Amino acid sequence: MKKILGLVASQRRMANGEILIKEAAASIGEEYKLELIRLPELNLQPCRACYTCLAPDQRCPLNDDLYFLLDKIKEADGIILSAPCYALGPAAIIKLFGDRIIALAQQIDVLWGKPCVIIGTTGIKGWEGYTLSALIANARFLGFDVKDAHIFLGALPGEALSNEKSFERIRAMGASLFRDPRQLETGECPTCWSDIWKFPEPNRAVCPLCGQEAIICSSEKGLIWNFGTAGKRFEKEALTRHFQVWLRAQVEEFGHRRKELSEIRNRYKGNDNWIKQT
Ligand SMILES: Cc1cc2nc3c(=O)[nH]c(=O)nc-3n(C[C@H](O)[C@H](O)[C@H](O)COP(=O)(O)O)c2cc1C
């Protein structure tokens, strides 16, 4: 029996994200056990940038639920994540969890290839902003094998499953969890599926998430995007190199340059007026 972990980023009970996860799980097509975690109910604290988690045999020193969540993810055969769009991006708990990436990426070997589907929920068509791209980036940083990612429309709780098209879409998402990833959709980066692009030059596009590049040419039929080699940032080797090698080297470099950097920082020491809530 497959063990599915549903991660719900919405606080609302029985709302869109929650019922979409349940419907997706019901469409997996084999025996499964669905366990759910409401992410905002966990104690997840902001990363303190102490880099302790980079030291050999060390974990993040924050005394919260990060490793409880990590263990649940490791135990699961597949992950279904849902998050509402708040203020054009995913609900803040996603960023809070995602920011703990340095501690999490120390365990990339165990996380790598974990099947995952990503559900975004949004209230207004065209107001989804960067929600899906941000969710995809979080999942790919964790090494998940993203099988499908889609935004569902519905402002009211339950509304996201009030039409047949959404119902079919979520069922297809569930069915894909242990199968092949979905096809690329229009406008998406062919490597990571983000739909956000930067244009450093008028004829050059870069995916700011994975680094995929494209040269854009005009033809009689319109613009043609010629994609170069795949963006590398989310490849296992690149993630390992960044989070386990490069960052450790940075910590070492800080040790060597501590004095020089202190001199710069000390120029800004003084009679600061920090305002604190009492
Ligand atoms: C604080 C807040 C901010 C929101 N911001 C947006 C937004 O920027 N764009 C949008 O389309 N919907 C926005 N919504 C609507 C939710 O994305 C929508 O209701 C979604 O279905 C909620 O998912 P849930 O039912 O799983 O909680 C916002 C809702 C709240 C509570």
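This is a predicted model: local features need pLDDT of at least 70, side-chain atom pairs count only at pLDDT 80 or more; totals for chains, interfaces and linings use all residues.

Biologist: What makes H6 "mostly covered"?

Modeller: A residue is buried if 20 or more other C-beta atoms lie within 10 Å of its own. In H6, eleven of eleven residues are buried, among them Thr131, Ser133, Asn138 and Arg140 as well as Leu135, Ile136 and Phe141. H6 is therefore called mostly covered, by the count of its buried residues.

Biologist: Which elements cover the buried residues of H6?

Modeller: The cover includes strands S3, S4 (89-90), S5 and S6 (145-153), together with helices H3 (92-98) and H4 (101-105). After H6 comes Gly143, with a positive phi near 85°.

Biologist: What part does H6 have in the largest nonpolar core?

Modeller: That core has 59 residues, and H6 (residues 131-141) gives the largest share, seven residues. Leu81, Ile118, Leu135 and Ile136 touch the most other members.

Biologist: Which residues are in contact with Ile118, leaving aside its neighbours within four places in sequence?

Modeller: The criterion for contact is a C-beta distance within 7 Å. Ile118 meets it with Leu81, Leu135, Ile136, Ala139, Val146 and Ala149.

Biologist: Why is strand S1 described as largely enclosed?

Modeller: Strand S1 (residues 2-8) has seven residues, and five of them are buried, so the rest of the structure largely encloses it. S1 runs parallel to strand S2 (residues 32-38), to which seven bridges join it. In this pairing Ile4 stands opposite Leu34.

Biologist: How do you know that S8 and S9 are paired strands?

Modeller: Pairing requires at least two bridges. Strand S8 (residues 204-206) and strand S9 (residues 213-219) have three, in the antiparallel sense, so they count as paired. One of the residues involved is Arg204, whose bridge partner in S9 is Ile215.

Biologist: What makes S7 and S10 edge strands?

Modeller: The open sheet has four strands in the order S7-S8-S9-S10, with antiparallel pairing. Strand S7 (198-201) and strand S10 (222-227) each have a single partner strand, so one side of each has no neighbour in the sheet. From one strand to the next, the twist averages 35°.

Biologist: Why is Met14 called exposed?

Modeller: The limit for an exposed residue is 12 or fewer C-beta neighbours. Met14 has 10 inside 10 Å and therefore counts as exposed. Met14 belongs to the loop between S1 and H1, and its phi is positive, about 50°, although it is not a glycine. Most residues other than glycine have a negative phi.

Biologist: Is Trp193 buried or exposed?

Modeller: With 24 other C-beta atoms within 10 Å, Trp193 is buried. Trp193 also has a positive phi, about 80°, without being a glycine. Its place is in the loop between helix H7 (164-176) and S7.

Biologist: Which residues come nearest to the ligand?

Modeller: Of the 20 residues around the ligand, Ser10, Ala15, Gly17, Pro84 and Gly123 come nearest. Helix H1 (16-26), strand S3 (78-86) and strand S5 (115-122) are the elements that give two or more residues to this shell, and S3 has the largest share, three residues.

Note on methods:
Residues are numbered from 1 along each chain as its sequence is written. A nonpolar core is a set of buried Ala, Val, Leu, Ile, Met, Phe, Trp, Tyr and Cys residues joined through C-beta atoms within 7 Å. Two residues are in contact if their C-beta atoms, placed from the backbone, lie within 7 Å. A residue is near a molecule or strand if its C-beta atom, placed from the backbone, lies within 6 Å of it. Axes are lines fitted to C-alpha atoms, for helices over the stretch in contact, and angles run from 0 to 180 degrees between N-to-C directions.
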